[in-house]
Amino acid sequence: GSSRPPPRCRPLSSSSSHGWRAAMEQAGGRPVATTLSGESQQQEAQPVVTGRAVSGSLYAPGTFPRSSASAAPPIYRVAGGGRRPQDCIEVDIRLRIATSSGELLRILAEALPRFDVGSVVVAFCTAAKLDEGREMATLDRSPAWAALQGRLIDCAHLLEPRGMSMVAYAAARLMWGHEALLTALATVGARRAPDFGATDIAKGCWAFAKLRFVQEPAAAEFWQAVARQAETKFRSPRFVDVSMMAWAFAMGGYAHSSIFSEISKATRAACDTLPPRSLASIAWACAKTSHKDVALFQDIARRAHATLTEFSGHDAAAFCWAFSAAGVQADDLYESLGTHLVTSGLVRRLSAPLAAELAWGYAAARVHHAQLFADLEWLCASHIWDLETEDVTGFAWSFASLGRAESKAWPAIHSYAARFAGRFRASERQVLSWAFANVGLGMLPARHEPTVGGVRSLGSRELT
């Protein structure tokens with residue numbers, strides 16, 4: 001009904017430094033799901049690296065599988081044949097054993113003029129690891145870093161599939177969405193798509209989806225080319241590749257039924273070994289793309305029961321959102337999962353936006369776990385001024401739909417609605433009006449957008 005907010009769909013994300021404004025609109029009677037990328041999805045997608053290799057290639061176990069047992073990795077091949085200069089090999093070793101961004105930058109300042117294409121790729125990928133999710137904060141001020149970025153853009157058109165996917169993945173980890181770089185990577189990727197392996201597709205697509213590089217002409221050509229290849233790459237991939245491809249194709253809007261049928265088969269084959277994060281990730285992708293596979297969700301639910309105590313709050317929020325958005329009932333599982341979250345103290349440690357999604361998942365499924373909602377209401381009231389309008393709307397609908405009229409969160413929600421009345425979208429105001437009426441709070445506070453000197457005020461909360 002019009003009083004029910006549609007499920008907001010974001011990738012697995014426990015935090016974000018940027019905030020988000022997902023639309024809560026209805027189209028054709030079906031919920032429209034929008035999403036925000038986050039570093040937690042990277043944690044799901046990124047394999048564990050036990051140690052940094054100091055010889056050979058960057059294709060160490062847990063990073064990228066080696067293309068063959070004996071041939072040189074493609075990024076190191078010399079045009080026309082022959083061997084790489086020993087100087088480049090030694091530089092690569094120094095780059096890979098660097099333990100800080102400062103050490104890496106010193107190597108760049110000294111040796112960058114001698115780099116070949118392989119060294120440029122290794123340096124850039126190593127920088128992404130050493131920056132540790134700080135979006136180039138440890139690198140940006142260095143002229144050597146700017147010089148490396150320039151070299152990378154200049155040689156991107158020369159990369160083969162493995163080099164392309166490595167660079168794209170590193171760029172996404174650094175959150176560096178340079179248009180010229182992404183366009184060059186997409187162009188070479190589309191041209192070489194038949195040569196892509198499962199890992200190349202997974203890393204490349206995950207990166208472009210995370211950077212929102214989807215609709216641009218070069219991006220569209222890339223996605224179409226790799227989508228045709230993806231269907232043939234599920235015979236024996238690592239499951240992390242399956243998970244990344246599922247997330248990426250769901251985010252990119254390339255929800256081909258044939259691709260998700262293969263993803264379902266691969267998931268069911270590996271289901272008895274999957275951790276909660278993988279279960280939530282696949283369920284999320286299938287729900288977002290409206291991929292209907294009853295048997296898959298049944299298998300995921302069975303595995304979730306077996307791994308219940310391993311669920312984090314983050315996993316649970318994504319998992320419950322997915323099952324509720326897909327219309328799959330799992331009341332006993334929700335009850336057990338709710339008890340686990342409460343007794344483990346995980347609810348109150350959730351980010352407020354994820355807590356709003358967890359609340360929506362339970363309310364949409366009509367599962368009223370009293371203690372879970374008590375914790376969610378505490379979190380909502382305690383963090384009310386950190387929330388976006390869609391979070392507040394989601395909390396309000398969830399509490400009202402379960403009849404929690406005495407919730408201690410309502411005064412906080414009412415104060416928020418009065419303060420930021422002008423910020424709510426029309427669909428959000430409609431949902432809030434229903435929620436307020438349903439719990440006896442009366443009319444929704446009227447819009448109030450003061451003007452100063454004829455110019456509309458931005459409100460009391462600064463834009464960031």
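Okay, so of the 464 residues in this protein chain, 56% count as buried, and buried here means under 20% relative accessible area, with exposed over 50% and partly exposed in between (1.4 Å probe, protein chains only). Before I go on: this is a predicted model, where local features need pLDDT of at least 70, side-chain atom pairs count only at pLDDT 80 or more, and totals for chains, interfaces and linings use all residues. Residues are numbered from 1 along each chain as its sequence is written, and side-chain values use heavy atoms, leaving out hydrogens and water.

The chain has 20 helices and four strands; those are DSSP runs, numbered from the N terminus, with helices (H or I) at least four residues and strands (E) at least two.

Let's look at helix H3, residues 101–111. Its buried residues are Ser101, Leu104, Leu105, Ile107, Leu108 and Ala111. Looking down the axis of H3, they fall within an arc of 160° (taken from the directions from the helix axis to the C-beta atoms), so they line one face of the helix. On the face turned away from that side, H3 carries the exposed residues Arg106 and Ala109. And what covers the buried residues? That includes helix H2 (86–96), H4 and H5.

Now for H4 and H5 themselves. Val117, Val120, Ala123, Phe124 and Ala127 in H4 meet Trp145, Leu148, Arg151, Leu152 and Cys155 in H5, where contact means heavy atoms within 4.5 Å. By class, that contact has nine nonpolar residues, no polar ones and one charged; nonpolar covers Ala, Val, Leu, Ile, Met, Phe, Trp, Tyr, Cys and Pro, charged is Asp, Glu, Lys and Arg, and the others, Gly among them, are polar.
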